Amino acid sequence: MDSHARGIRKSQLPPELDILSERIISAAMDVHRALGPGYLESIYEQAMVVELELRHIPFVRQGVVSLTYKGVRIGEQRLDFIVADAIILELKAVDVLSNVHQAQVISYLKASGLKLGLLLNFNVSLLRHGLRRLVHPDYYK
């Protein structure tokens, strides 16, 4: 994966995306502090719904993105969260985040046209170890 696919430093993002991503991460940290690791992804997803609502952060849960191949619609994909029509939030509860998890978010960014994705793995002792900020590969082109 190139440097854009692996992640991006906060200072390289537009300020509004950076602020929103920090609000989302703060919400996720509260969920992780309260629940800790060990639950199913669906439990963390429901807890994130509660936390985002409490913080008045707009989101769509299980948002649908249409997929096309050579200009032909071939299906659709559900995303865990689309936050404020700006950031994809993908949740995991796995032992280790792998390259395929990051590639999944990059694919979602391409399909949706959004620029920033947050990949959060709740099955870690410290949430920062399970956090990846991923940017659409064409962001700097």
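I began with helix α2 and found that Leu17, Asp18, Leu20, Ser21, Ile24, Ile25, Ala27, Ala28, Val31 and His32 are buried, where buried means under 20% relative accessible area, exposed over 50% and partly exposed in between, with a 1.4 Å probe and protein chains only. I note that this is a predicted model, in which local features need pLDDT of at least 70 and side-chain atom pairs count only at pLDDT 80 or more, while totals for chains, interfaces and linings use all residues. Residues are numbered from 1 along each chain as its sequence is written, and side-chain values use heavy atoms, with hydrogens and water left out.

Helices (H or I, at least four residues) and strands (E, at least two) are DSSP runs, numbered from the N terminus. The buried residues of α2 pack against α3 (41-54), β2 (72-83), β3, β4 (116-121) and β5 (131-135), a contact being heavy atoms within 4.5 Å.

I then turned to Lys92, which lies in strand β3 (residues 87-92) and is buried at a relative accessible area of 10%. Leaving aside residues up to four places away in sequence, Lys92 touches several residues, among them Glu41, His101, Leu119 and Phe122.

Last, I looked at phi. Most residues other than glycine have a negative phi. Gln62, in strand β1 (residues 59-69), has a positive phi near 55 degrees and is partly exposed at 27%. Lys70, in the loop between β1 and β2, has a positive phi of about 50 degrees and counts as exposed at 74% relative accessibility.
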